[in-house]
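Subject: Structure handover

Hi,

Here is the structure I promised to pass on. My notes on what turned up in it follow below.

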Amino acid sequence: MANAGIQLLGFALAFIGFMGLIAATIMAEWKASSYAGDNIITAQAMYEGLWKSCVSQSTGQIQCKVYDSLLQLPGIVQGTRGLMVASLLLCFISVMVATVGMKCTTCLAEEPEQKDKVALAGGILFLISGLCALVATCWYGNRIAQEFYDPFTPTNARYEFGKALFVGWGSSCLTLIGGAFLCCNCGSKPSGKHPRYPPSRSAGQSGKDYV
């Protein structure tokens, strides 16, 4: 039962991470405008995400515009898009595979060894998915930091980390931890099968061969 509990905990953490990755991917605040060092109070704030850019007015009105062309987007946005979409697809497949391989489900109940292998495959897919999302968020965040500390970047054109990055980082860690728990083979029991040897002849039986 210990192994089943760890599998259930890992699946729950990974599933929560999956939901967080979906939220981070569709959020528009991957980077937010920064006015550090500028004493001018502005009436609007700008946000940019993977799919659209938004402008928030001081009155509370928000206007968003979807990116018109995919080919005109910067390489960092295209690469991050691809990694996040790949991460979501892998997470979806992982949920289906891990559900079959978990000990608390009845699928493949007659084949426990095969069931453990399926659960391990689901955990590995979760690990790959979390790694893709972590690489995407760290890559995007590193580019924001580079542009922020670039002395040639104007003050009113600098951006800081948006809310989506923090959601992505936390969700990636949850997915990685959940996948690691699914990969654990805790509480595994030995098969109990012992090799069978042919019965040895007794000394009395061997003596009957002589005349």
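I call two cysteines a disulfide when their sulfur atoms lie within 2.5 Å. By that rule the count comes to 1 disulfide. Please keep in mind that this is a predicted model: local features need pLDDT of at least 70, side-chain atom pairs count only at pLDDT 80 or more, and totals for chains, interfaces and linings use all residues. Residues are numbered from 1 along each chain as its sequence is written, and side-chain values use heavy atoms, with hydrogens and water left out.

The disulfide joins Cys54 and Cys64, with sulfur atoms 2.0 Å apart. The link is right-handed, at 105 degrees about the S-S bond. Cys54 lies in strand β3 and Cys64 in strand β4, so the bond ties together parts that are 10 residues apart in sequence. (Strands are DSSP runs of E with at least two residues, and helices are runs of H or I with at least four, numbered from the N terminus.) Cys54 is buried at 5% relative accessibility, while Cys64, at 44%, is partly exposed; buried means under 20% relative accessible area, exposed over 50%, and partly exposed in between, with a 1.4 Å probe and protein chains only.

What about the other cysteines? Cys173 is in no disulfide, and the nearest cysteine sulfur, that of Cys138, is 8.4 Å away. For Cys183 the closest cysteine sulfur is in Cys184, at 7.3 Å, which is too far for a bond.

Now to the sheet around that disulfide. Strands β3 (residues 52-57) and β4 run antiparallel and are joined by 5 bridges; two strands pair if DSSP finds at least two bridges between them. Cys54 stands opposite Cys64 in β4. The open sheet has 5 strands in the order β4-β3-β2-β1-β5, with antiparallel pairing. Its edge strands, β4 (62-66) and β5 (159-161), each pair on one side only.

Finally, the aromatic rings. Rings of Phe, Tyr and Trp (its six-membered ring) pair if their centres lie within 6.5 Å; planes under 30 degrees apart are stacked, over 60 edge-to-face, and the rest tilted. That gives 7 aromatic pairs. Phe161 and Phe166 have ring centres 6.4 Å apart and planes at 75 degrees, so they are edge-to-face. Phe166 also pairs edge-to-face with Trp169, at 5.5 Å and 85 degrees. Phe166 and Trp169 are 3 residues apart in helix α4 (residues 163-183), about one helical turn. Elsewhere, ring pairs link Phe11, Phe15 and Phe18 into a cluster.

Best wishes
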